[in-house]
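Here is a friendly briefing to read alongside the model. Take a look at the chain, then follow the points below.

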Amino acid sequence: MDARRRLGTLAVLALCMACVSASHHLQRIGNRTGPRPEACTSPTIYTDRGPERPRETLAIVTAECARGRPEECRRHLQLGVCDAGGDAVIEVTDRIAAGVRRMVGTVVQYTDPPSP
């Protein structure tokens, strides 16, 4: 009976982990919001500092999703970048705790003039 109870508990935990809905949250730095010259589609995600270009930090974005869905978390990071009016997210960390994947990064907007 004890093994059956453990199996049932594991099944419930597995179902709960699959039910985590993806989301993102922005913490703006200052109140700068610049107009975007073009529509935001799929901003780049960097795990390091990204390219050496002049830039301004706009926000910290956090995305949470189910443990086995990293692409869903990446998509929510990109949505956060678009919400903040940024060009990319840098220094992204990826952590898993209690069945939830959390990705956190810094939203930046490049300030150098666009190439012709």
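**Disulfides and core of a predicted model**

C40 and C82 are joined by a disulfide, with an S to S distance of 1.9 Å (a disulfide is a pair of cysteine sulfur atoms within 2.5 Å). C40 sits in the loop between β1 (23-28) and β2 (44-45), while C82 lies in helix α2, 42 residues apart. This is a predicted model, where local features need pLDDT of at least 70, side-chain atom pairs count only at pLDDT 80 or more, and totals for chains, interfaces and linings use all residues. Residues are numbered from 1 along each chain as its sequence is written, and side-chain values use heavy atoms, leaving out hydrogens and water.

**Disulfides**
- The structure holds 2 disulfides.
- The link of C40 and C82 is left-handed, with -75 degrees about the S-S bond.
- The other pair, C65 and C73, has an S to S distance of 2.2 Å.
- C65 is buried at 0% relative accessibility (buried means under 20% relative accessible area, with a 1.4 Å probe and protein chains only).

**Nonpolar core**
- The largest nonpolar core has 14 residues (a set of buried Ala, Val, Leu, Ile, Met, Phe, Trp, Tyr and Cys residues joined through side-chain atoms within 4.5 Å).
- β3 gives the largest share of this core, 5 residues (strands are DSSP runs of E, at least two residues; helices are runs of H or I, at least four).

**Confidence**
- The chain has a mean pLDDT of 80 (the predictor's confidence in each residue, from 0 to 100).
- Helix α1 (residues 2-18) has the lowest confidence, at a mean of 51, and β4 the highest, at 95.

Notes. Buried means under 20% relative accessible area, exposed over 50%, partly exposed in between (1.4 Å probe, protein chains only).
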